[in-house]
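Colleague: I'm new to this one and would like to learn how to read it. Could you walk me through a few features?

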Amino acid sequence: MTGPLSTAQIREKYLQFFESKGHLRLPSYSTVAPDPTTLFTVAGMQPFKEQFMGAPAVFDGVASKRVTTAQKCVRIGDIENVGRTRRHLSLFEMMGNFSFGDYFKRDAIHWAWEFLTGAEWMGMDGSKLYVTIYEDDDEAFMHWTQEIGIDPSHVHRFGADENFWPADAPKEGPNGPCGPCSEIFYDRGPKYGDDSWADYAVTRESARFLEIWNLVFPQFDRQEPLADGTPVLRDLPFKNIDTGMGLERVASVVQDVPDFYSNDVFLPIVTRVAELSGQPYEGEVSVSHRVVAEHIRSVSMVIADGSVPSNTGRGYVVRKILRRACRHAYLLGLREPSLFKLVPIVVDRMGDAYPELRENQAKVEATVRAEEESFLRTLEGGIQRLGKLLSGMEKGATLSGNDAFVLYDTYGFPVDLTKEIAEEYGVSVDEAGYAESLENAQNLARAGSKYGKSELFGGSQEALDGLSPTVFVGYDDLQADGEVVALVGAGERLTHLSAGSEATVVLSRTPFYAEGGGEVGDTGRIEWDGGSAGKGWGTVRDTRKTPQGVFLHDVLVESGELKEGLSVRAVVSGERQATERHHTATHLLQSALRAVLGSGVQQKGSLVAADRLRFDFSHGAALTAEEIAAVETLVSRWVSANFAVTWQEMPIADAKAAGATALFGEKYGETVRVVRVGGSVEYAGQPVSSMELCGGAHVTRTGDIGAFVILSDENVAAGVRRVEALAGEQATAWVRERLNAAARAAALLNTSPDGLEARVTGLQTQLKAAEKETVTVRRQLAEAQMGGGTGGAAQTRELGGFKVAALKLAGIEGNELRGAADKLLDQSGADMVVLAGDRGLVVKATRDAVTRGAHAGQLIGKLAAAGGGKGGGRPDMAQAGITDAGAALAALDTAF
């Protein structure tokens, strides 16, 4: 096996390999999921769902049925295992090669084998590779054993639970594309376990046999089973390929390290954690080091992609991962914010492959630090809470598992720390009870995923059972009186909430809009008169609802005591009006896009908030400046017309017959709410109107929207564009800031904003002329220092059978230095030349010298080492710490 290759080199080799096989290389999609089925991108194939279903394989105007990517993926289903096992990560890179109706099983298998075993690629020993296939997949078995030549004893056949995608699809569904898969394993040898491949057929678990690649062959359309339960699998009209190679796993094999945390990406982070904490890293037992290193890598990437810590959705997950890292940093003795200091290492290791990390490094560091500071204060609150619990207990007593879990769930207080502090009081902790409470919460989180979220605030479904749907009055009123129906926290019904507590509050009536349809949940406050307990109020941080229509308000009690049964006044914040402007503007934006770009525009997702709107839609190319202007003009015409915006509920069949736009793939009930703008505007001689199925909050007239401006248009997935825009005061403020910025720039250039473009054009022309003149002067300077074109100024020496000429050129670098090296090679009659510039070194050799064994790249490395510098960059340049020709020759002596 060649190597060890770095993780970056493995990534690049993979992409280059499949480019050589006719694949189009595409950049990684964001960690923010391309569709609403998940919060994050969880697989390399996820951005290509439409192509797998038959949509045209056209990406930014380039048609290709073969695609390859390095996709950053986030999965948190087993986050509690991250740091504790060798195979769990919350962020991982999935290398993928995909075929949309082009090549199939044979090519996928042959290319996987070629990449893994080829000397110029991974160079793995083929005898150490093992595979699994679906039990009935004789075709894959034939390719592996007869064509590749793998020993049949290296092949296991497993059922649909192991080697079919989706798992158990023939019997369990879902209906749709599916197919067998073949997994590739690498035998890491006895030092990782004494089990055999035959043992794996029984245990399906092994540290020795590491799965590194999964080849999926979607070839069937699963349909409803027959009456007797017999699965129905029909051939797809064309067959696809979807493969996923775990980059971190392959790096572990190629670099021959025991796990992820010892590879070239993780180890520098782990080492820095040890330095900051003063606690040495000792491999698998150092769980906290590993958790901190893995989680800072994960949150750095998702924050760079635009996710930020919050109490809902993706933001909740980001906060959960960050706080887990904070807890483990605390266990290592770090009492001050420290995680943000690890971000530069993540950027250094991964920023070249994912430039968004470099671009957003300052934002990532600031976000992580702010979250650390906040959570450390929360952690101190947990210590005070635990102290109160323990102070009333006798030595030998046991702290209940539920109390320990509430500390963990509410304050993020790690149970290990709870045990440590309890021991100081002579109190034990009911660990079994804690584990049971934790498992119940995890089951709730998994069940909550069917609502599209990882958690249902602090509540549990059982705690909400029996509650009647909340009466929502927020379409017409932003204040309403209601009764506290339930208080839910830590998975239980509560009787009261004191100041400083946060929990889920259910009201009988509410004006707060619950997150849905892309619109964020309302925020605001609730107020109450607690009688003898005095008045109180709380902040409503977010609002969501269950499928049963129960509205869940995330409330932080600021003062007083909130009890079940109290009458309260709920008041929506002023941000609602801004959200309404952005929501109605989103409807007009979609209609305008369909008018300008064509009826192929289909909504793929949206975000409607007080500060902005975001709209994802199907379209194969970037919008031109003219198209953006046309869309803005259409929306502005609606605004100027000040049409009424109305809504009504009607049967879905009537809504569709009336031409209402529906979200593709969304499931609607029999009765739907239709939002209609009461007038049309004209584009290209045709009327354009807006009528959509929508449950969101809207302005009453289009004139209420105010100004409208599109900020950006970007590609977010294969065939999916994203537009961000502003409406109302936000749009006006944005335009004013841009005008002010233009005025400031114009003043710096001694012109007016109107003359700015001409002034910049003139400066560019001057700069290009100056650069051209500089190049000419540098060339003349180089020739003068080289002896006027004779090369006589160079020092020469016979080294290793080659005549070598060396020369130091002052004031020369880059292309001029390389050009001078070519001239010196022609003039001096040397086999090789070494030129030292101000900031670089160039080594060139004649073709004859190369034929006789001269290698400029190897020589540059030796010179770098001898000169105390480092090789790198272009093969003919390096920073070598050499300042003159004599030093270059001295380094040559040392090198040889």
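This is a predicted model: local features need pLDDT of at least 70, side-chain atom pairs count only at pLDDT 80 or more; totals for chains, interfaces and linings use all residues.

Colleague: Which way do strand 29 and strand 30 run, and how many bridges join them?

Modeller: They run antiparallel, and 7 bridges join strand 29 to strand 30, which covers residues 671-677.

Colleague: What is the strand order in that sheet?

Modeller: The order is 29-30-33, in an open sheet of 3 strands with antiparallel pairing. Strand 29 (645-651) and strand 33 (691-693) are at the edges with a single partner strand each, so one side of each has no neighbour in the sheet. From one strand to the next, the twist averages 25°.

Colleague: Okay, let's zoom out. How many helices and strands does the protein have?

Modeller: There are 26 helices and 41 strands. The protein has 896 residues, and 49% of them are buried. As for the surface, the accessible area comes to about 39,500 Å², with 49% of that belonging to carbon and sulfur atoms.

Colleague: Now a parallel case, please. How many bridges join strand 6 to strand 7?

Modeller: 4 bridges do, between residues 129-134 of strand 6 and residues 155-158 of strand 7, and the two strands run parallel.

Colleague: What does the chain pass through on its way from strand 6 to strand 7?

Modeller: It goes through helix 4 (residues 138-148), making a β-α-β crossover that is right-handed.

Colleague: Which residues of helix 4 are buried?

Modeller: Ala140, His143, Trp144, Thr145 and Ile148 are buried there, where buried means under 20% relative accessible area. Look down the axis of helix 4 and its buried residues fall within an arc of 165°, so they line one face of the helix.

Colleague: What do those buried residues pack against?

Modeller: The buried residues of helix 4 pack against helix 3 (105-117), strand 6, strand 7, strand 9 (176-187) and strand 10 (209-216).

Technical notes
Residues are numbered from 1 along each chain as its sequence is written. Side-chain values use heavy atoms; hydrogens and water are left out. Two strands pair if DSSP finds at least two bridges between them. Axes are lines fitted to C-alpha atoms, for helices over the stretch in contact, and angles run from 0 to 180 degrees between N-to-C directions. Buried means under 20% relative accessible area, exposed over 50%, partly exposed in between (1.4 Å probe, protein chains only). Accessible areas come from the Shrake-Rupley method with a 1.4 Å probe; for residues, only the protein chains shown count as cover. A crossover is right-handed if, with the strands pointing away from the viewer, the path from the first strand over the helix to the second runs clockwise. The arc is that of the directions from the helix axis to the C-beta atoms. Contact means heavy atoms within 4.5 Å.
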